[in-house]
Amino acid sequence: MDDPAKDDPLSLNAEPMFIIGWREWVGLPDLNVRQVKAKIDTGARSSSIHAFDVETYMQDGVERVRFSIHPVQNRDDIFVNADVPILERRHVRSSNGEVSERIVIRTRLEILQRRGHVDLTLANRDAMGFRMLVGREAIRNHFLVDPGASFLAGRHRRKKRRSN
């Protein structure tokens, strides 16, 4: 019997697309970041994470980078240290039009309990509204963005502080 799906190239090996909002809680398991609030930006090609205390060095012929991340917005007292190989250095044009060279790393990204690799540029995002920006290259062929929705993967629950 003929399979009509074989005649339709769009249906071959097509995985379902998942819908995410314009902002989501995402994880970076290889960097020990359980979750960080990220802006999903289809206007940006690449993804970026706020990094500080950035230091590059060579180890066994491989260029590496040590840096720290503030995973919680408006909380500079909470940080995570990371140490990973450098993938490349790339010239990136920021939203204000300035071009700068940035270090690029590759790590795993988790959205809606789905994991895949993402190239992340390291940048100072202190003045930005989000510590992380997820660009269109990271979500292409996997997610659709609903610009009217937020946190479709669920909201981050803060632990309640006990009062004495």
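Biologist: Is Ile19 buried, partly exposed or exposed?
Modeller: Ile19 is partly exposed, because its relative accessible area is 48% and a residue has to be over 50% to count as exposed. Keep in mind that this is a predicted model.

Biologist: Okay, and where does Ile19 sit?
Modeller: You'll find Ile19 in strand 1, which covers residues 18-21.

Biologist: Which nonpolar surface patch is Ile19 part of?
Modeller: Ile19 makes up a patch together with Met17, Leu144 and Leu152. The area of that patch is about 350 Å².

Biologist: Let's switch to charges. How many salt bridges are there?
Modeller: The count comes to twelve salt bridges. As background, side chains of opposite charge can pair when their charged atoms come close.

Biologist: Give me one. What does Arg64 pair with?
Modeller: Arg64 forms a salt bridge with Asp83, and their closest N and O atoms are 3.0 Å apart. Arg64 is in strand 6 (residues 62-69) and Asp83 is in strand 7 (residues 80-85), so this pair ties together parts that lie 19 residues apart in sequence.

Biologist: What about Arg66, which residue does its side chain meet in a salt bridge?
Modeller: That's Asp83 again, with 3.6 Å from N to O. Arg66 lies in strand 6 and Asp83 in strand 7, so here the pair ties together parts 17 residues apart in sequence. Arg66 itself counts as partly exposed, at 34% relative accessibility.

Biologist: So which residues are linked in that network of salt bridges?
Modeller: The network links Glu55, Arg64, Arg66 and Asp83.

Biologist: And Arg90, what's its salt bridge partner?
Modeller: Arg90 forms a salt bridge with Glu88, and the closest N and O atoms there are 2.5 Å apart. Arg90 is buried, with a relative accessible area of 14%, whereas Glu88 is partly exposed at 33%.

Biologist: New topic: Thr121. Where is it, and why does it count as buried?
Modeller: Thr121 is in strand 10, which runs over residues 114-123. Its relative accessibility is 0%, so Thr121 counts as buried.

Biologist: Which side chains have a polar contact with the side chain of Thr121?
Modeller: Ser48 is joined to Thr121 by a polar contact of 3.3 Å. Arg102 also has a polar contact with the Thr121 side chain, at 3.2 Å.

Biologist: What else does Thr121 touch?
Modeller: Leaving out residues up to four places away in sequence, Thr121 touches Ser46, Ser47, Ser48, Ile49, Val92, Arg102, Ile103 and Val104.

Biologist: Tell me about Ser48 then. Which strand is it in, and is it buried or exposed?
Modeller: Ser48 lies in strand 4 (residues 47-50). Ser48 is buried, with a relative accessible area of 3%.

Biologist: And which residues does Ser48 touch?
Modeller: With residues up to four places away in sequence not counted, Ser48 touches Arg102, Leu120, Thr121, Ala123, Arg125, Arg131, Met132 and Leu133. Arg102 turns up among the contacts of Ser48 and among those of Thr121.

Key. Residues are numbered from 1 along each chain as its sequence is written. This is a predicted model: local features need pLDDT of at least 70, side-chain atom pairs count only at pLDDT 80 or more; totals for chains, interfaces and linings use all residues. Side-chain values use heavy atoms; hydrogens and water are left out. Helices (H or I, at least four residues) and strands (E, at least two) are DSSP runs, numbered from the N terminus. Buried means under 20% relative accessible area, exposed over 50%, partly exposed in between (1.4 Å probe, protein chains only). A polar contact is a pair of N or O atoms within 3.5 Å; within protein, one must be able to donate a hydrogen and the other to accept it, and residues adjacent in sequence count only if both atoms are side-chain atoms. Contact means heavy atoms within 4.5 Å. Patches are made of residues with over 30% relative accessible area and no salt bridge: like charges are joined within 9 Å, nonpolar side chains (Val, Leu, Ile, Met, Phe, Trp, Tyr) within 5 Å. Accessible areas come from the Shrake-Rupley method with a 1.4 Å probe; for residues, only the protein chains shown count as cover. A salt bridge is a side-chain nitrogen of Lys or Arg within 4 Å of a carboxyl oxygen of Asp or Glu.
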